Amino acid sequence: MKKAIDTILTDINNVFVKGDSNKVEQARMFLLLALPVMSLLYIFGQFPIY
């Protein structure tokens, strides 16, 4: 569990703070941020309609 938390913290640091990340780190951060946001939109509102 500690290794998973360290991996997430390292990814956050590389993607948002340093700006030096690879595609895998970017994909992890996208899933980490997008899934809760999309879930909240689905539960409490509606998805944006274009």
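1. Basis. In this predicted model, local features need pLDDT of at least 70, side-chain atom pairs count only at pLDDT 80 or more, and totals for chains, interfaces and linings use all residues. Residues are numbered from 1 along each chain as its sequence is written, and side-chain values use heavy atoms, with hydrogens and water left out.

2. Helix packing. Helices here are DSSP runs of H or I with at least four residues, numbered from the N terminus. α1 covers 2-18 and α2 covers 23-44. Their axes lie 9 Å apart and the packing angle is about 105°; axes are lines fitted to C-alpha atoms over the stretch in contact, and angles run from 0 to 180 degrees between N-to-C directions. The two helices are therefore roughly perpendicular, a label given to angles of 65 to 115 degrees.

3. Interface residues. On the α1 side, T7, I8, D11, I12, N14, V15 and F16 make contact with E25, Q26, R28, M29, L32 and L33 of α2. Contact means heavy atoms within 4.5 Å.

4. Salt bridges. The whole structure holds two salt bridges, each defined as a side-chain nitrogen of Lys or Arg within 4 Å of a carboxyl oxygen of Asp or Glu. One joins R28 and D11, with the closest N and O atoms 2.7 Å apart. This pair links distant parts of the chain, since R28 belongs to helix α2 and D11 to helix α1, 17 residues apart. D11 is buried at 3% relative accessibility, whereas R28 is partly exposed at 38%. The cut-offs are under 20% relative accessible area for buried, over 50% for exposed, and in between for partly exposed (1.4 Å probe, protein chains only).

5. The pair within α1. K2 and D6 form a salt bridge at 3.8 Å, N to O. Both residues lie in helix α1, four residues apart, or about one turn of the helix. K2 is exposed at 62%, and D6 is partly exposed at 34%.

6. Nonpolar patch. M1, I5, I8, L9, I12, F16, V17, L32 and L33 make a nonpolar surface patch of about 900 Å². Patch residues have over 30% relative accessible area and no salt bridge, with nonpolar side chains (Val, Leu, Ile, Met, Phe, Trp, Tyr) joined within 5 Å and like charges within 9 Å. Areas come from the Shrake-Rupley method with a 1.4 Å probe. α1 gives the largest share, six residues. M1 sits in the segment before α1 and is exposed at 79%.

7. Loop. N22 lies in the loop between α1 and α2 and is partly exposed at 42%.

Notes. Angles under 35 degrees count as roughly parallel, over 145 as roughly antiparallel, 65 to 115 as roughly perpendicular and the rest as oblique.
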